[in-house]
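Let's take a walk through this model together. Have the sequence and the 3D view side by side, and follow along as we go.

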There are 2 protein chains.
Amino acid sequence: MNPKTPGNSSMMSHPNVVAFCGGVGAARFLRGLVREVPAESVTAIVNTGDDREFYGVHVAPDLDIVTYTLAGLIDDAQGYGLMGDTYQLVDTLSQLGHETWFRLGDRDFAHCLHRTLQLRQGHGLSQTIAELREKLGVETHILPMSESPCPTLVELTDGVTLHFEDYMIREGAPDRVRSVNLSAAQSATPGPGVLQAIAQAQVLLFCPSNPVVSIGPLLAVPGIRDAILASPAPCVAISPIVGGAPIKGPATPLLRGIGVEVSALGVARHYADLIDGYVLDTKDADLEEAIQDLGLRTRVTDSIMVDAQAAGRLARAALELAETSP
Amino acid sequence: MNPKTPGNSSMMSHPNVVAFCGGVGAARFLRGLVREVPAESVTAIVNTGDDREFYGVHVAPDLDIVTYTLAGLIDDAQGYGLMGDTYQLVDTLSQLGHETWFRLGDRDFAHCLHRTLQLRQGHGLSQTIAELREKLGVETHILPMSESPCPTLVELTDGVTLHFEDYMIREGAPDRVRSVNLSAAQSATPGPGVLQAIAQAQVLLFCPSNPVVSIGPLLAVPGIRDAILASPAPCVAISPIVGGAPIKGPATPLLRGIGVEVSALGVARHYADLIDGYVLDTKDADLEEAIQDLGLRTRVTDSIMVDAQAAGRLARAALELAETSP
């Protein structure tokens, strides 16, 4: 996976780290992680369940959020898109009668168009991401979980099924979720390098991402869950739930929709068969014992990533927890 | 063609006019023409030989120049594109490694993308143009000469063959033209409504457009030349050559390439079998007699369209020449 880092390097000095990633939470965590370990020793395996065609181009929200964030180009206020982008394209499309609830910036669109033209020429999604992150000077390896289309579908209580982006952006993430359909991911193939990266990892991390629609699709792709279970590397999750609510995003209705309690404990239970350690926020310290009772080592820390330093401290906590693995 | 204008209306009051059009020269002429006759009685039949895919979208330069000009949206200084447009998209594509010598603005791109998405859904090019000009409040009928791809190819003396856009924009219209290849247009089908519009016209006008790469492709589409010859309507051309040089654009090497003298007389000879009248500039008054000797009625006037009023006067001259038809 990373020819520069020999497989037998000391884990304490610079372990090979594989991070399972959604969008904003994962990207901010990675920004901290690469302060603690060399960026080139980190492989981000990224959810593609949110990917969709908009305006004729292949939009890959989580891959782009991770790439833009690590490249220092992200619009930090939004958490997605490119800093200082303009919106001439969607505004014009709107005037021409298109639905434009997905507000893709002009430069962001150019990136998606570039990818689309490359895909049309037969390049793989992984290759397009690798070329882009190299062009942008990002040393962290970024792998799509799959090159197959893996749309995450959200089934509402009224029987309507929506693509995740329609659920999230167009509909504003309504509460009435009955279930989440990951059948596309369940019949997909892991992307190039994904299983190898997991097999070679010395630390596995579940970023503080949505367990249902970010980490969920990753784990649904055949082979990924088994590779995690087969790995001797410690696996640590960082709770995306603080004080009974997600830090960001629509985790509440989605967790409820799949029958998971919306708490740091609920998510720990959800991940328990896969992970060894669990990082939770100080606000949830009262849950630590119950989480330990699941057989997990724990670390309680301030998990709100107000800046890259804070994200670095959180990453350090996760790595230290991994390093104390028996 | 135009259900609002009965076929038997007095030609003197508001004739059905069909104008054969390239890009900038034609668009400026049309802006004058619709000051002289009701816009809805004019049908512009527009060259599509310049059309090409750029950045994954269908670019139709002449159709867009005509539409944007009549809608009052044209970037007048450039003669193409949308007033006040931005260039985030091409600038970003350039950073990502694309050739971006074709500088398509962001809003202009959105229009081309809209058309591309419509074409992909099975709409015809004519339909997309009709919908757009209605949306923009343009009452002039605008018809693509054909819905078949009709790329105009320019063959250089060194044996290289270039698409017209590559010749014109990328290469800067070099002199070394051996010939112009219109074989695609020669095997195309006229667009919906084209032959009917010509058959119903009471005046036919050749706009002051490039005779080789604007009017040439139009006349190359099987059926169009015959429809002009079969029409009882007077046909008047406005010379695009003033004082031995084109008003704008690369007509000189292209005319030479097809063996036509670069003069108002040369173009008159080139069109002589199709037209009844010819409008030439005062600078070329010395050529009037030679042009009359071709069997053409003539009108000498100031043909430089410095503004819409001047274009209106030029259009009036052409219409009056048509109206004096025996």
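The secondary structure of chain A comes to 14 helices and 14 strands, where helices (H or I, at least four residues) and strands (E, at least two) are DSSP runs, numbered from the N terminus. With a radius of gyration of 19 Å, close to the 20 Å that the globule rule gives for 326 residues, chain A is as compact as a globular protein of that length. That radius is taken over C-alpha atoms, and the rule is 2.2 Å times the number of residues to the power 0.38.

A word on the ground rules: this is a predicted model, so local features need pLDDT of at least 70 and side-chain atom pairs count only at pLDDT 80 or more, while totals for chains, interfaces and linings use all residues. Residues are numbered from 1 along each chain as its sequence is written, and chains are lettered from A and ligands numbered from 1 in the order in which they are written.

Back to chain A: along its principal axes, the C-alpha trace spans about 60 × 50 × 35 Å. Of its 326 residues, 52% count as buried. Here a residue is buried if 20 or more other C-beta atoms lie within 10 Å of its own, exposed if 12 or fewer, and partly exposed in between, with C-beta atoms placed from the backbone. Among contacts in chain A with a separation of 6 or more, 69% join residues 24 or more positions apart; a contact means that the C-beta atoms of two residues, placed from the backbone, lie within 7 Å.

For a look inside, find helix 12 (residues 264-271) of chain A, which is largely enclosed by the rest of the structure because 6 of its 8 residues are buried. Those are Ala264(A), Leu265(A), Val267(A), Ala268(A), His270(A) and Tyr271(A). They pack against strands 9, 10, 11 and 13 and helix 13 of chain A.

What about the largest nonpolar core? It has 208 residues, and Ala19(A), Leu30(A), Ala19(B) and Leu30(B) have the most contacts inside it. Such a core is a set of buried Ala, Val, Leu, Ile, Met, Phe, Trp, Tyr and Cys residues joined through C-beta atoms within 7 Å. Leaving out residues up to four places away in sequence, Ala19(B) touches several residues, including Leu30(B), Leu33(B) and Cys207(B).

Now over to chain B, where helix 1 (residues 24-36) and helix 14 (residues 308-323) pack at an angle of about 70°, with their axes 7 Å apart. Axes are lines fitted to C-alpha atoms, for helices over the stretch in contact, and angles run from 0 to 180 degrees between N-to-C directions. The two helices of chain B are therefore roughly perpendicular to each other, a label for angles of 65 to 115 degrees (under 35 is roughly parallel, over 145 roughly antiparallel, the rest oblique).

How do the chains meet? The contact takes 18 residues from chain B and 18 residues from chain A. On the side of chain B, helix 4 gives the largest share, 9 residues.

One last stop is Ala173(A), in the loop between helix 6 (164-170) and strand 8 (177-181) of chain A. Its phi is near 55°, a positive value in a residue other than glycine. Most residues other than glycine have a negative phi. Ala173(A) counts as partly exposed, with 17 C-beta neighbours inside 10 Å. In chain B, phi of Ala173(B) is also near 55°.
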